[in-house]
Amino acid sequence: MQNPVSRALASTGLLVLFLASAFLGAWIPADAKLWELRFGAANRLPSGEVIFVDIDSASLAEVGIWPWPRSLHARLLDQLMAMGAYEVAFDIDFSTTSSPTEDAAFAASLERAGGYAYLAAFRQVSAAGVEVWSRPLALFAQFTQAALVNVDGLEAGMVWSLPGQNASQDLKSIAAHFSFGKTVPESLHIDYSIDLTRVVRVPASAVLDGSVDPRLIVNRQVVIGASAIELHDLLLVPRFGVVPGPIVHIAAAETVRQDRALVDLGFWPAAGLAVLFVSGSLLLPRLNLGWAVGVSVAASIALEAVTGTLFARHALQIDTSLFHALVAGILVIRLLEDRAVRRQQLRQYHQRLEYLAHHDEQTGALSPSAWCAEVTKTGMQMKALLLRLEQVEATGASLGFAVTDQVVSLFYRRLLAATDLPIGRIESYVFAIAVPETVVEDQLRGHLSQLEAPFDVGGHLVVLPVRYGLSGARAGRTAEATLQDARTALAMAVGRDLDGCAYQPAFDAEMQHRRALDIALRSAIEKEELDIAFQLQVDTRTRQTTGAEALLRWNSAELGRVSPADFIPLAEDNGTIIRLGNWVLHESCRRAMAIGWDGRLSVNVAPAQFEGSDIVAMVQSALVETGFPAHMLDIEVTESSIAGGEGSIIDALAALRELGVSIAIDDFGTGHSSLSHLASLPVDKLKIDMSFVRQITTARGAQMATTITELGTKLGLSIVVEGVESEAEFAFFADLGCDTVQGYLFSRPGPLPASSIVQSAA
């Protein structure tokens with residue numbers, strides 16, 4: 001095509017064709033792909049102020065029905081507000097009635113939320129083409145505002161924007177509600193450079209059962225919605241693929257919060273540049289292919305650089321595929337090269353899929369199934385060794401999870417250097433190694449010290465302990481069974497807080513017993529299997545009973561008498577300690593009032609109760625419902641509960657003292673040292689642990705007990721001694737000036753006597 005007229009006609013025809021195709025939307029998919037790359041390159045972290053409470057498949061399975069009863073939604077909202085959530089938006093339809101009771105329960109919860117909860121409103125088009133608006137029931141609307149949850153801006157099948165507000169319907173989107181004081185456009189274009197994978201997601205079931213860390217909730221704006229596939233609230237978005245609908249609203253809220261609402265200029269700037277490019281190609285002498293390719297590539301790169309800069313600095317969105325397509329159209333060779341590249345990419349994609357089916361993407365370690373296959377393939381008799389990196393989450397929180405990701409990769413490289421046998425990544429921080437059948441635990445410990453050597457990552461020296469679980473011999477067993485034995489051993493090491501342990505057949509029965517214990521414990525209150533024993537507390541001066549400590553006992557119909565040492569830690573792990581603690585407090589106060597008990601009453605409160613419930617409200621409820629005098633109640637907290645001086649716990653203790661309740665530090669001296677801030681804590685009593693009582697026969701033990709007593713006395717605290725079993729022990733602590741003792745010398749735990757003023761049998 002040497003004729004300038006022909007070149008001009010061809011170039012002009014190509015330009016007209018591409019402009020026409022742009023009007024028809026032919027380049028939308030290409031622009032969508034380019035914007036996915038730009039979003040990824042400009043990756044931004046979310047603010048963390050907006051979180052997703054996720055009705056996931058596990059939450060659905062736990063409840064067992066859908067739609068959920070509205071009383072359950074009410075409970076979910078109440079839990080969130082109690083944990084300190086700032087605002088809560090439901091991406092759930094509440095436009096139809098349920099039962100009057102359920103609707104009333106949810107309305108009451110909305111009223112308690114005080115206007116800080118929003119319910120979904122959305123526009124639909126009927127089969128007849130009529131616009132229909134779904135809004136929250138009037139019963140709910142009187143306590144809340146409607147939040148517009150429609151999406152729009154669908155291009156290439158993906159959601160690019162949503163309505164920021166609808167003036168005609170007087171509706172604002174969730175993003176607008178969450179962005180007080182900020183201007184939100186009617187069409188809010190979302191900045192998907194904000195990394196939606198970093199949005200905090202909390203399962204709804206974790207909120208309902210109280211197992212979520214309240215620090216994830218306090219002062220956060222919360223969107224409640226569904227990610228469960230069976231609920232069909234999934235949308236396709238740029239960069240992140242298919243995501244739950246609530247995540248799109250969180251993306252919009254983060255966009256407004258970070259002042260990143262995009263201004264979409266469309267393809268017009270690129271169209272103008274395309275005209276200039278064609279004009280320049282006609283006016284300049286015809287370049288050889290190499291120069292033409294170079295100039296065209298340089299023009300495309302320059303345009304992308306300008307586009308990226310305008311996007312990063314000014315939130316301007318310009319579609320450039322028209323320009324690139326025109327360049328590709330003029331340079332036919334680029335089409336051929338592109339087809340070749342695509343074929344190569346497809347082959348690489350299939351190779352990558354094949355690799356990922358058998359390997360971990362981050363480290364390259366074998367997947368669990370591939371590890372078992374490799375072990376089986378060797379034909380050797382081996383044991384499975386599981387190695388788990390500890391404290392990874394805490395390290396990631398302080399140094400960044402990019403650092404811990406590198407540490408995990410470096411740990412895998414250490415394993416590769418240590419063995420040529422199969423290595424698999426079983427869980428996020430758990431690796432499996434095949435080891436010779438002759439290996440025993442003593443041989444492992446030396447190797448573990450090498451694996452625990454500090455990791456140097458970006459100037460940080462990271463030290464992570466390693467916990468292990470070793471299977472038994474594999475003779476006659478599959479690799480899968482051997483791996484399961486190692487998992488059991490690792491679980492036992494975690495449960496017993498050991499560095500590691502080797503599998504024993506008894507572990508299976510112990511794990512089954514623990515599961516049975518867990519199941520039985522959850523229904524112990526309803527089955528009336530719980531009881532309370534009271535251990536009397538004696539005045540050291542008069543030897544008269546002045547109080548009693550309430551001790552929980554459990555006599556299971558299936559398991560018999562269960563030791564508190566077995567079920568209390570389990571209750572703290574599975575969250576039932578909150579219900580058990582509530583029952584013990586109420587029941588102790590009730591029994592005391594029923595028999596006319598006129599002494600003090602001590603009740604223990606576990607650390608998990610501070611984290612998962614409102615302790616002040618619980619104590620207030622027990623006092624009001626039973627009539628027990630607040631000034632006669634001692635709340636005992638363990639030293640480890642308050643060792644860190646967390647503000648929320650200290651505030652709760654101070655509030656309890658304002659009610660008239662006394663606070664005692666239980667097991668003092670056995671946890672983290674509280675001496676540095678003991679004087680500032682809102683406490684009234686120190687309880688010296690029985691371990692110190694057993695040591696007073698030694699000079700050091702006696703000095704320790706003396707020091708603790710003198711410290712508490714100088715701070716004006718009452719001193720209580722636990723576990724006194726002999727007259728010698730009683731005399732020692734009485735001479736020190738301790739106020740109260742309890743132990744087998746005076747009474748074993750039992751029923752509460754009718755009066756506290758009884759002479760000790762001792």
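Here are legends for several close-up views of a predicted model.

**Ground rules for every view.** Because the model is predicted, local features need pLDDT of at least 70 and side-chain atom pairs count only at pLDDT 80 or more, while totals for chains, interfaces and linings use all residues. Residues are numbered from 1 along each chain as its sequence is written, and side-chain values use heavy atoms, with hydrogens and water left out.

**View 1. The whole chain, before zooming in.** The protein chain comes to 28 helices and 32 strands; these are DSSP runs numbered from the N terminus, with helices (H or I) of at least four residues and strands (E) of at least two. Its C-alpha atoms fill a box of roughly 120 × 70 × 50 Å along the principal axes. Of the 762 residues, 47% are buried, meaning under 20% relative accessible area with a 1.4 Å probe, protein chains only. Now for contacts, meaning heavy atoms within 4.5 Å: among those between residues at least 6 apart in sequence, 72% join residues at least 24 apart.

**View 2. Helix H21 meets helix H23.** H21 (residues 577-595) and H23 (residues 615-626) pack at an angle of about 25°, with their axes 9 Å apart. That makes H21 roughly parallel to H23, a label for angles under 35 degrees. The axes here are lines fitted to C-alpha atoms over the stretch in contact, and angles run from 0 to 180 degrees between N-to-C directions. Look for Leu 585, Cys 589 and Met 593, which are among the H21 residues at this meeting place; the H23 side includes Met 618, Val 619 and Ala 622. By class, the contact of H21 with H23 has six nonpolar, five polar and two charged residues. Here Ala, Val, Leu, Ile, Met, Phe, Trp, Tyr, Cys and Pro count as nonpolar, Asp, Glu, Lys and Arg as charged, and the others, Gly among them, as polar.

**View 3. Inside the largest nonpolar core.** A nonpolar core is a set of buried Ala, Val, Leu, Ile, Met, Phe, Trp, Tyr and Cys residues joined through side-chain atoms within 4.5 Å. The largest one has 75 residues, and those with the most contacts inside it include Trp 554, Leu 585 and Val 619. H21 gives the largest share of this core, eight residues. Apart from it lies another core, of 39 residues, with Phe 122 and Trp 160 among them. Back at Trp 554, its contacts include Leu 517, Leu 530, Val 562 and Phe 567, not counting residues up to four places away in sequence.

**View 4. Gly 424 and its neighbours.** Find Gly 424 in strand S18 (residues 423-427). Gly 424 is buried, with a relative accessible area of 0%. Although Gly 424 and Leu 366 are 58 residues apart in sequence, they are 4.2 Å apart in space, C-alpha to C-alpha. Gly 424 also touches Trp 371, one of the buried residues of helix H14 (residues 368-378). The buried residues of H14 pack against S17, S18, strand S19 (430-436) and helix H18 (479-495). Just after H14, Gly 379 takes a positive phi of about 75°.

View 5. The peptide bond from Trp 66 to Pro 67 is cis, with omega near 0°; Pro 67 sits in the loop between helix H3 (57-63) and helix H4 (70-82). Gln 391 isn't a glycine, yet has a positive phi of about 60°, and you'll find Gln 391 between strand S17 (382-389) and helix H15 (392-399). Arg 543, also not a glycine, has a positive phi near 60°, in the loop between strand S24 (530-539) and strand S25 (545-556).

Definitions and conventions: Angles under 35 degrees count as roughly parallel, over 145 as roughly antiparallel, 65 to 115 as roughly perpendicular and the rest as oblique. Buried means under 20% relative accessible area, exposed over 50%, partly exposed in between (1.4 Å probe, protein chains only).
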